[in-house]
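Good morning, and thank you for coming.

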Amino acid sequence: MSTASGAGLELRQLCREVGERLLLDRLDLHVAPGECVALLGPSGCGKSTTLRLVAGLDPASGGQVLLDGEDLSERGPGERQVAMVFQSYALYPHLSVEGNLGLGLKVRGMAARERQRRIDATLDLLQLGELRHRRPAQLSGGQRQRVALARALLREPRIVLLDEPMSNLDAQLREELRPELRRLLCGREQPVMYVTHDQQEAVGMADRIALLEAGRLQQVGSPRELYTNPANRFVASFLGRPAINLLALEPGRQLGLRPEHLHLSEDGAVAARLLRREWWGHQQLLWLDSQWGTLRVLTAPETPTPREPRLSWQRQHELWFDPQSGARLAP
Amino acid sequence: MRTRTSSLLLMLPALVLLATVFLYPLLRYGWLSLQASSVLTGLLPVPNGGANWLRLLDDARFWTDAGQTLRFALCSVALELVGGLALALLLHRPLRGRGPLRALTLLPWALPTTVMALGWRWILNDPHGPINGAIRSLGGTSYGFLSTPATTWFFVVLADVWKTMPFVALLLLAGLQTIPADLEEALRLEGASRVQILRRLTLPLLLPYLSLALLFRLAQSLGVFDLIQVLSGGGPAGTTESLALYAYLNAMRFLDFGYASTVMLATFLLLVVALGGGWLLLRRGGIARATERPA
């Protein structure tokens, strides 16, 4: 993917070093026009760093940021036509909703009439018309998020960046807003980069997920690719809740088995003892004690559970890893 | 009701303290200003039916000093605000050795005014001060900086600015640190220049701190006493005399306590009017609104 050049956003060998610390290590990533790629990973993995490098807010220590084949590296943040939605929304507290939208256009010298036309159109698009005279302090969390989004879209940017745009909203609102955010952002001409630490959000928003850890890209691909065919143990255990079971079955090899791939059966190879069950309505999660430690097993909610069940699985679901490096091994 | 009573109770100690050190002297001034109380009356208060106030209205020295005090306050406060803002912006930027630099800038403010004023007086001494020493060593003749009205006035303002600019800078620096960095970044991404960011974002958000500094400094400089008393003694020929100095003179040199109280009270009233007016103006300018910030 990363070798394809031309249309879209392309990161080539992008690095960021602060002092001795390597925050981002030679990242290669391509985001096609209209595509939404989620940068996913635990905190400190380099996802926000990547976003700031693309925006030009921090200088890269190496590598290039290309947009439609054109190198942006030498350009300042104001000259990249990048729109960014910040985690805090970064709304100007002294200005009304209209003022927040208009300030960027004003500093670039757009005439008042044209400015008003654009503001009105964007407020209509996001159904914010009634709030136009409110100040950020007088808006709810969801409304602030929409204003931040409106401000980003208003500019008709060439790249859209979102830094954890929903992390300040409650879970229910997040789920409600996801389809709308997708409708507004994705499928336009711009490449979209979406930073999140929430895998549900990444799966819900993005066409592809780039999973980072400790400044390194671990794997990039569709959610299905990452889930079914993880490149290493980190990817396998980061994606999927409840987390994958890791069993030191053989010396020098570690077996990964997803909780939904373990079955209760009378002739199973592994003996276990029931510790606890969590009933979720559509599924139930069993915590079992076995000779390889605690195992998580997902079953249908009504499955009867003996006190000392035996477990089995299919060979096709086995994921093998190197116990030291975590690298994926052939089965 | 309970909260109201208990909050009043909680404020009581402070109110008592304020009443003792502010209210009582003010009332005493008010009473004394209606008495003749000088050497002529043997320093005993004798009611004179407002003669002090009539004298004040007609006292050219009082009104000259009022003008001089106002001019001093406006000039030095304006310079302090501009300089303090520049200093604060500089110290706010990520610099190597920013911590020690910040401490260093505060040094003039930490010096007692009297000590500082004496220092300046020595620096400007004719002919033995270091400035005149330098002038003479370059072949010039030494100059009486504190003997001509214009240079004296200039150095009185300079000394005040030098001493209190760090205070203003510190206050504004605190204000700058309340502005989240992402606001500036958002505006930078929209293509704003440094100057535009300052004008459209930083200054409006700094407004509450600027007005606070302005009011603080106006109040202090309108009541200036120690700096002028030590540096120029109000001279030459009274051209740097402030109202506080004049009141002090009336009480301590002329021993006219009745009239000194009148001058004091009049100064206080002028100050209240100036500060109250300034405060109202600033409030209408939207300080309150600028301080709001989404949670």
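Let me begin with chain B, which has 14 helices and two strands. Please bear in mind throughout that this is a predicted model. Along the principal axes, the C-alpha atoms of chain B fill a box of roughly 80 × 75 × 30 Å. Of its 295 residues, 32% count as buried. If we take the contacts in chain B with a separation of 6 or more, 68% of them join residues 24 or more positions apart.

I turn now to the place where the two chains meet. The contact draws 22 residues from chain A and 21 residues from chain B. Which helices of chain B each supply at least two residues of the side that touches chain A? They are α9 (181-189), α10 (194-222) and α14 (287-291). The largest share, seven residues, comes from α9(B).

Next, chain A. Here we find an open sheet of six strands with mixed pairing, in the order β6-β7-β8-β3-β9-β10. Its edge strands, each pairing on one side only, are β6 (82-85) and β10 (216-221) of chain A. From one strand to the next, the twist averages 20 degrees. Helix α4 of chain A, residues 141-154, lies across β6 and β7 (159-163) of chain A, and runs at about 175 degrees to β6(A).

Within this sheet, I would draw your attention to strand β3 of chain A, residues 36-40, which pairs with β9 of chain A, residues 208-213, in the parallel sense over four bridges. Ala38(A) stands opposite Ile209(A) in β9(A). What else does Ala38(A) touch, not counting residues up to four places away in sequence? Besides Ile209(A), the list holds Tyr194(A), Thr196(A), Ala202(A), Met205(A), Ala206(A) and Ala210(A).

That brings us to the interior. In soluble globular proteins, nonpolar side chains tend to be buried together. In this model the largest nonpolar core has 139 residues. Ala38(A) is among those that touch the most other members, together with Leu161(A), Met193(A), Tyr194(A), Ala210(A) and Leu172(B). Two of these names, Tyr194(A) and Ala210(A), were also in the list of residues that Ala38(A) touches.

Thank you; I shall be glad to take questions.

Methods
Residues numbered from 1 in each chain as written. Chains lettered and ligands numbered in written order. Predicted model: local features only at pLDDT ≥ 70, side-chain atom pairs only at ≥ 80, totals over all residues. Pairing = 2+ DSSP bridges. Axes fitted to C-alpha atoms, helices over the stretch in contact; angles between N-to-C directions. Contact = placed C-beta atoms within 7 Å. Core = buried A, V, L, I, M, F, W, Y, C linked by C-beta atoms within 7 Å. Buried ≥ 20, exposed ≤ 12 C-beta atoms within 10 Å, placed from the backbone.
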